[in-house]
Amino acid sequence: MEACTEKTVKTNMKNKVLINLGQLKVSVVNHWMLYLLIVPFLIWYAIFMYKPMYGLQIGFKDYDILSGITQSPFAGFKHFKEFLTDEFFWRAFRNTIMISIYDLVFGFPAPIILALMLNEMKSVRFKKAIQTITYLPHFISIVVIAGLVTNFLAPSGLINNIIAALGGERTYFLIQPENFRGIYTGMNVWKGIGFSAVVYISALSGVDSQLYEAASIDGAGRFKQLCHVTLPCIRPTIMVMLILKIGQLLSVSYEAILLLYQPSTYQTADIVSTYVYRTGMVEGRYDFATAVGLTNSIIAFALVYISNKISKKYSDTSIF
């Protein structure tokens, strides 16, 4: 009986695959020009995303740049064991998690709140002006943004000038470890809030206006409409963006960190990406840096998979 059931399941799965392949073939034949547009992207993705995966084997070898990847001696899990016992790696790992939590707590809700506020505005002209102003920082280079932050927070910068004018003492904020995470998070929120809000503004534009009318007839005010109509309607978008955000917990932008941090703030600013940069590019330990980067990617994939499973179970929304 069990063998018969297993055979039936396999047959059904095989038939389902054949049906899907048949439908795909028909779709490609009927819409071949649209599929042709995907080809350059697939080629780019194969060259720049999948081909570099060949180099991941460096993490399992004592890599010699003159011998090449294939001729370098096999080292097994030597480099993995080394960084797992390195105190500086665990400091970088802890800092990465902490900065990501700051960004998740403050950075993730910020564009949602901005989108909801813009959605409540009656003046279309004012709404577009605010949206444009908040959107523009996204197009400014991170080098320029970091330069502005550095100048504003310098002892002779704008912030310290205001503090001094109010009778306070000048402080060099960027050399104080306890200030770094807040500064970095605030900079990221300011730079990305407008661009990230576009996704939620698009989701809000798809909410049926009749739902608001029905809620208004039932006596719901603006706040109750927000809680019982707006937020439930954009919840799938919020959940998908949250899953993607969780998947990036260990992928903190190292360019901004490199531009802002200095040795005095390493204890709170040094992250996995900068740790990999120093060991790989500065010290030339490509095998060790590859092992760290591979572990980081595996953990990130696990976070995406777990958060996707949880979201699928409790909200019926997932990315796969």
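A salt bridge here means a side-chain nitrogen of Lys or Arg within 4 Å of a carboxyl oxygen of Asp or Glu. By that rule, R278 and D270 make one, with N and O 2.8 Å apart. Keep in mind that this is a predicted model. The structure holds six salt bridges, and here's a quick tour of some of them.

**D103 with K245**
- D103 and K245 also meet through their side chains in a salt bridge, at 2.8 Å from N to O.
- D103 sits in helix α5 (residues 87-107) and K245 in helix α12 (residues 222-247), so this bridge ties together parts that are 142 residues apart in sequence.
- D103 has a relative accessible area of 18% and counts as buried, because the cut-off for buried is under 20%.
- K245 comes out as partly exposed, with a relative accessible area of 22%.

**K78 with D62**
- In the salt bridge between K78 and D62, the closest N and O atoms are 3.2 Å apart.
- K78 belongs to helix α4 (residues 78-84), while D62 is in the loop between α2 (32-50) and α3 (68-71), so the pair ties together parts 16 residues apart in sequence.
- K78 is partly exposed, its relative accessible area being 43%.
- D62 is partly exposed too, with a relative accessible area of 27%.

Note on methods
Residues numbered from 1 in each chain as written. Predicted model: local features only at pLDDT ≥ 70, side-chain atom pairs only at ≥ 80, totals over all residues. Heavy atoms only, no water. Helix = DSSP H or I, 4+ residues; strand = E, 2+ residues; numbered from the N terminus. Buried < 20%, exposed > 50% of the residue type's maximum accessible area, 1.4 Å probe, protein only.
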